[in-house]
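Here are a few friendly notes to read beside the structure. Please keep the view open as you go through the points.

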Amino acid sequence: MAKKIRVFIVDDSLLFRKVLIDNLSQNPNIEVVGYAVDAFDAERKIPLLKPDVVTLDVEMPMINGMEFVKKLLPKHPVPVILVSSLNLNVFEALSAGAVDFVKKPDMSSSNTASTFLNTLISKIFIASRAVIKVPVSPPALTEPGKSAMGKTAFSLNASNTIIAIGASTGGTEATLQVLKDLPADTPGIVVTQHMPEGFTKMYADRLNRLCSMNVKEAQSGDAIERGQVLIAPGDLQMKVVKMGSRYTVSCYPGEKVSGHRPSVDVLFQSIADTAGASSVGIIMTGMGRDGAEGLLNMKKKGAFTIGQDAESCVVYGMPMVAYNIGAVTRQVSCANIAGVLMKHLSSL
């Protein structure tokens with residue numbers, strides 16, 4: 001890399017700060033430029049040190065990570081990576097503009113700690129290239145959604161269509177933006193979002209509160225039905241299986257594919273094999289190429305495919321690769337994906 005990534009650490013734990021500082025400093029492409037023990041300390045230091053990336057503990061005294069992100073980013077739009085145990089506030093902080101998050105490890109396990117540090121370093125590299133999206137007013141967790149949109153008279157062909165969404169960095173909010181604009185009886189949707197185990201259940205529950213469709217974390221055997229969204233469980237692969245005239249999902253602890261479990265490629269490839277032209281594939285913001293080959297195979301089987309454009313992506317990686325290899329039928333902004341999808345379904 002041409003220059004080191006300047007990282008600032010915010011964490012109230014002396015032990016955890018030391019672990020982060022010592023280990024991140026060993027990477028030749030990272031420079032830890034400072035740390036803060038709480039949000040007030042960080043608020044003073046960040047404007048002076050001008051880091052490229054901030055790592056932020058979500059659970060802090062006085063002002064938690066969610067509130068701090070809301071205060072920081074409008075003034076200083078720096079990429080923020082959240083470090084969090086299982087806590088719903090992580091999604092609120094993401095909705096306020098944080099780029100990504102890492103699950104806080106059990107530091108008594110060397111394997112867990114090593115995996116955490118490798119994941120964090122990878123996300124720091126990605127975050128350093130991210131485009132910060134600061135919403136004017138992040139959606140409230142209690143915002144009503146079930147009655148927000150009425151039903152649509154879909155044709156039989158449209159009703160039997162499977163819609164698949166794949167996303168990574170920036171995808172939690174991008175997927176929410178798409179789903180919130182869809183009516184309650186939209187054909188069944190399956191989603192693979194790169195996310196750790198445990199968080200996918202909380203994410204699905206949050207989407208369920210905010211969207212007209214019903215949303216749940218998927219379990220093996222769940223049917224893909226109109227009006228329902230199934231989210232791939234963290235640390236499991238999810239694929240679509242045809243059972244007679246019905247489509248269900250299978251969730252299993254397979255090997256990582258394209259570096260991920262769950263993998264977008266696994267989901268998209270299974271749909272190419274089972275549903276073909278009776279499907280829509282949507283690839284959204286994220287680093288790398290996961291999902292690109294699977295989306296291309298869906299398109300080759302007759303599926304309609306949509307890619308998120310560069311301007312609306314937090315990281316224009318996965319959609320860029322998909323577009324460059326010819327896997328994308330339409331490339332549009334995140335705000336327009338739901339409209340393009342509905343127009344396609346109405347044409348069936």
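1. Let us begin with Gly288, which lies in the loop between strand 12 (279–283) and helix 10 (292–300). Helices (H or I, at least four residues) and strands (E, at least two) are DSSP runs, numbered from the N terminus. This is a predicted model, in which local features need pLDDT of at least 70 and side-chain atom pairs count only at pLDDT 80 or more, while totals for chains, interfaces and linings use all residues. Residues are numbered from 1 along each chain as its sequence is written, and side-chain values use heavy atoms, with hydrogens and water left out.

2. How exposed is Gly288? With a relative accessible area of 32%, Gly288 is partly exposed; buried means under 20% relative accessible area, exposed over 50%, and partly exposed in between (1.4 Å probe, protein chains only).

3. Now for the surroundings of Gly288. Apart from neighbours within four places in sequence, Gly288 is in contact with Gly317, Met318 and Val321, where contact means heavy atoms within 4.5 Å. Ser258 sits 30 residues from Gly288 in sequence, and their C-alpha atoms are 8.6 Å apart in space.

4. How many salt bridges does the structure hold? There are 16, a salt bridge being a side-chain nitrogen of Lys or Arg within 4 Å of a carboxyl oxygen of Asp or Glu. Side chains of opposite charge can pair when their charged atoms come close.

5. One of these pairs is Arg289 with Glu293, whose closest N and O atoms are 3.2 Å apart. Arg289 is partly exposed at 42% relative accessible area, and Glu293 is partly exposed at 36%.

6. Please look next at helix 2 (residues 39–49), where Arg44 and Asp41 are three residues apart and so separated by about one helical turn. They form a salt bridge, with the closest N and O atoms 3.4 Å apart. Arg44 counts as exposed at 56% relative accessibility, whereas Asp41 counts as buried at 9%.

7. Which parts of the chain does the pair of Asp235 and Arg261 link? The closest N and O atoms of this salt bridge are 2.9 Å apart. The pair links distant parts of the chain, 26 residues apart: Asp235 is in the loop between strand 9 (228–231) and strand 10 (237–243), and Arg261 is in the loop between strand 11 (246–252) and helix 9 (264–274). Asp235 is partly exposed at 34%, and Arg261 is partly exposed at 25%.

8. Finally, do take a look at Asp11, Asp57 and Lys104, which a network of salt bridges links.
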